[in-house]
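Please read the points below with the model open.

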Amino acid sequence: MQPELPPLRAGTLYLVATPIGNLEDITVRAIRTLRECDLIAAEDTRHSGQLLKHLGISKPLLSYFQFNEARRSEEILERLRRGEKVALVTDAGTPGISDPGERVVKAALAAGFRVESVPGPCSLVAALTASGFATNEFQFIGFLPHKPGERRKQLAKLHEVAGTLLLYESPYRILKLLRELRDIFPDRQIVLARELTKKFEEFLRGTPAQLLALLEKRSIKGEFVVLIQASDSP
């Protein structure tokens, strides 16, 4: 028999990972945390509201996104001071990984509150493990700067970094990124992981030039995880 699970702790911030596509990927622990918490801070309350409705959960929602992080962090700290149990979720994946979360975590820890991770879906892990590239050493960069000069400067620096490199990119800038990779990493193998865990999930593999030629001929949809093979890979 499964032992009785401990209740959520008062005055704790819970970082709850949510599905990146397939709703079946949410964990039993995540569902219980969302059911038992007092408040859910969400990147997009409408989006998270749909997930909660699917799960049959009704809880107060507080918007927490990039442009209100400072104000909302203070509100969340006040809730924790009252002894409330607060769950933080983003639109998809793990809070703090290229999504809001880092700021309130630092603030909560500095104020002496407990922060607990409720792990689950994360697109960079899903892409890396299925890429066929080395997983023993890797570096996650997230989104590159929008300005061309800054982007190329950062990519040039990454040329000397050991291990598999991982980036996030939108469908609107993926061709631009592939052209930059063609100039800076012309001989490296690249994997494009698109629409992870969703119906049209796919992994595209090849050199930057090969992938560029492929994508220029088709409609591009969905977010990408871009993986660059390590320089010392066979």
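1. Contact here means heavy atoms within 4.5 Å. Helices (H or I, at least four residues) and strands (E, at least two) are DSSP runs, numbered from the N terminus. This is a predicted model: local features need pLDDT of at least 70, side-chain atom pairs count only at pLDDT 80 or more, and totals for chains, interfaces and linings use all residues. Residues are numbered from 1 along each chain as its sequence is written, and side-chain values use heavy atoms, without hydrogens and water.

2. Five strands make an open sheet, ordered 3-2-4-1-5, with parallel pairing. Two strands pair if DSSP finds at least two bridges between them. Strand 3 (61-63) and strand 5 are the edges; each has a single partner strand, so one side of each lacks a neighbour in the sheet. From one strand to the next the twist averages 25°. Strand 2 and strand 4 are joined by four bridges; A41 has L88 in strand 4 as its bridge partner.

3. Helices on the sheet. Angles run from 0 to 180 degrees between N-to-C directions; axes are lines fitted to C-alpha atoms, for helices over the stretch in contact. Helix 1 lies across strands 1, 2, 4 and 5, at about 135° to strand 5. Helix 4 (residues 102-110) lies across strands 1, 4 and 5, at about 155° to strand 1.

4. Helix 1 packing. Buried means under 20% relative accessible area, exposed over 50%, partly exposed in between (1.4 Å probe, protein chains only). In helix 1 (residues 28-36), A30, I31, R32, T33 and L34 are buried. The buried residues pack against strand 1 (12-16), strand 2 (39-42), helix 2 (45-55), strand 4 (86-89) and strand 5 (114-118).

5. Cores. A nonpolar core is a set of buried Ala, Val, Leu, Ile, Met, Phe, Trp, Tyr and Cys residues joined through side-chain atoms within 4.5 Å. The largest has 22 residues; L155, L181, L192 and V226 touch the most other members. Helix 7 gives the most to this core, five residues. Another core, of 17 residues, lies apart from it and includes V16, I31, L52 and I57.

6. Strand 9. Which residues form the covered face of strand 9 (residues 202-206)? They are E202, L204 and G206; F203 and R205 make the uncovered one. Strand 8 (residues 190-194) runs antiparallel to strand 9, with five bridges between them. R194 has E202 as its bridge partner.

7. R72. This residue lies in helix 3 (residues 69-81). R72 is buried, because its relative accessible area is 15%.
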